[in-house]
There are 2 protein chains.
Amino acid sequence: MPKRQAPSPWAPAAQRGQQRQIKRDAVLATAAQLFNERGFHATSLDDIAARLNVSKPTLYYYVKNKDEILIECVRNGLQMMTDGIEEKRKAGGKAIDQLIACIRIYTGIVTLDFGMCVIRISDDEMPAVNRAELRRLKSGIDMAFRRIITEGIAEGSFRPCDPKMAAFAVAGALGWIGRWYENGGDYNPEQIATQYIELLLNGILQPPTPSPG
Amino acid sequence: MPKRQAPSPWAPAAQRGQQRQIKRDAVLATAAQLFNERGFHATSLDDIAARLNVSKPTLYYYVKNKDEILIECVRNGLQMMTDGIEEKRKAGGKAIDQLIACIRIYTGIVTLDFGMCVIRISDDEMPAVNRAELRRLKSGIDMAFRRIITEGIAEGSFRPCDPKMAAFAVAGALGWIGRWYENGGDYNPEQIATQYIELLLNGILQPPTPSPG
C-alpha cells in the first residue's frame, strides 16, 4: 500500500500560475485607476500597494517597476481598442454601420481605466524602449478607422474627403472623452456615444429645409 | 559749463528691460520648440541653452527653472487661443460664421509651438500650484465654444444638441491636430481647418438625395 502523502500547503504549479496572473491583473487595474485619479507622476508604488492592502515588496513579485505597470496599462487599453474594432470590422456590413459600431466600442473603452490611460498618458511619459510598439498599436487603430471611411466613400454613403483627415477628426473627438469623462457625470458612455454618432455623422448644422413646391 | 559725462557702456534702464523681455521670449519660444520635438521630460535646460548659444547660467537670468518655462509656454498658448476666440466672438455675426472663424483660429494656434504645448503637455506634468489657473483658461475657451453652439441652436442653424457635448467633440477633434501635425506634412494649417470645418459642420455622411418628383 503506497504511503499516504501529507497534503502540501502550496497549490499545484498550474494553479499558482493562475493565481499570480489574477493578482498581477489586480495590480494593473488598481494602478490604472490611481493614474487616472491622480496622474502618473503623482502616483507611487506605495499608493498602489496601500489600495491593494499589501506591502510594496509584494508588488515586486508581480511587476518590475512603475514603468512596467504604465506600459502594461496602456498596452491593455490599446489591445482592447484593437480587438474591439477588429471584431466589428470582421463582422462586415456597410461602412456606416461599422463606423457607428466602432464609435460605440471606442467610447466605451476610453471611459474605462485602461482605455483612459491610453488617452491621458502622453508618449513623452512612456519609456523610450516601448514607444515604437505602442505607436504601432495606435497606428493600427487609426488605419482601421481610415479603412472604414475609405469604404464609406466608395459605397457613396460618406462625403468625398481625405480619409486620413476624417479618421483624425473622429479619433480626436472620441479620444478627448477619455480626458473629460467622469463616472457619475451627466451621461453614461452609451449616451455619450449616441450624441457623438449624431454629431460626427450628420454634423452640427441643421440641414437646409427643402424649398416648398 | 557742466562736465561732459562719459558714455555709459550700459543701456538705459527702460531699454535694458525691453531687451530682457525679448531675450526671455526667445528662451520660451526655443523651449516650446524643443518640448514639442523631444517631449518635456527629455528636454533639459542645457538643450535649451545650447540651441540659443548661451550657457545654462545665462538662462537663470530670465527664468527660474524648467517648470516656470513650461507654465509660461502653456500659458502663452492658452492666452493666444483665448484672445483669438474672444476677438472673433466680439466681432459678432451669425453663430455659424463665428464657429468657422474660431475653428480656423484654433487650428492655426495648435499648429504653432506654444499652442502645441497646450495640447501635448498633460495637466499631470504641470506643477500643482499652477493647475487651477491653467484650468480656468481652458474652461474659458470651452465656454466660448459652448456659447457659440447655444446661439446657433437658438438661431435655428445648428441641430438641437447638448452644447457641452458638441463643444467637447469640436475641441477634441481640433486639439488632436496639435498631436499629429508636423510642419511640411500633406496640408498646411489653413487646408486642415477647411477640411475640419466641412467635416464638423456637415458631418461624414453624404446627405440623402432628394427623391425625384
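Predicted model: local features only at pLDDT ≥ 70, side-chain atom pairs only at ≥ 80, totals over all residues.
Let me begin in chain B, where the side chains of Arg75(B) and Glu72(B) come together in a salt bridge at 2.3 Å from N to O, a salt bridge being a side-chain nitrogen of Lys or Arg within 4 Å of a carboxyl oxygen of Asp or Glu. Residues are numbered from 1 along each chain as its sequence is written, chains are lettered from A and ligands numbered from 1 in the order in which they are written, and side-chain values use heavy atoms, with hydrogens and water left out.

Arg75(B) and Glu72(B) are three residues apart in helix α4 (residues 66-90) of chain B, so about one helical turn separates them; helices here are DSSP runs of H or I with at least four residues, and strands are runs of E with at least two, numbered from the N terminus. An α-helix has 3.6 residues a turn, so residues three or four places apart point the same way. Arg75(B) is partly exposed, with a relative accessible area of 23%, whereas Glu72(B), at 14%, counts as buried. By buried I mean under 20% relative accessible area, by exposed over 50%, and by partly exposed anything in between, with a 1.4 Å probe and protein chains only.

Staying in chain B, Asp142(B) forms a salt bridge with Arg146(B), with the closest N and O atoms 2.7 Å apart. The two lie four residues apart in helix α7 (residues 128-155) of chain B, and both are buried.

Turning to chain A, which residue forms a salt bridge with Glu68(A)? The partner is Arg24(A), and the closest N and O atoms are 2.6 Å apart. Glu68(A) lies in helix α4 (residues 66-91) and Arg24(A) in helix α1 (residues 13-38), so this pair ties together parts that are 44 residues apart in sequence. Both Glu68(A) and Arg24(A) are buried.

Arg24(A) is one of the buried residues of α1(A), which also include Val27(A), Leu28(A) and Phe35(A). The buried residues of this helix pack against α2 (45-51), α3 (56-59), α4 and α6 (113-120) of chain A, where contact means heavy atoms within 4.5 Å. After α1(A) comes Gly39(A), whose phi is positive, near 95°.

Finally, for the structure as a whole, a search finds 30 salt bridges over all chains.
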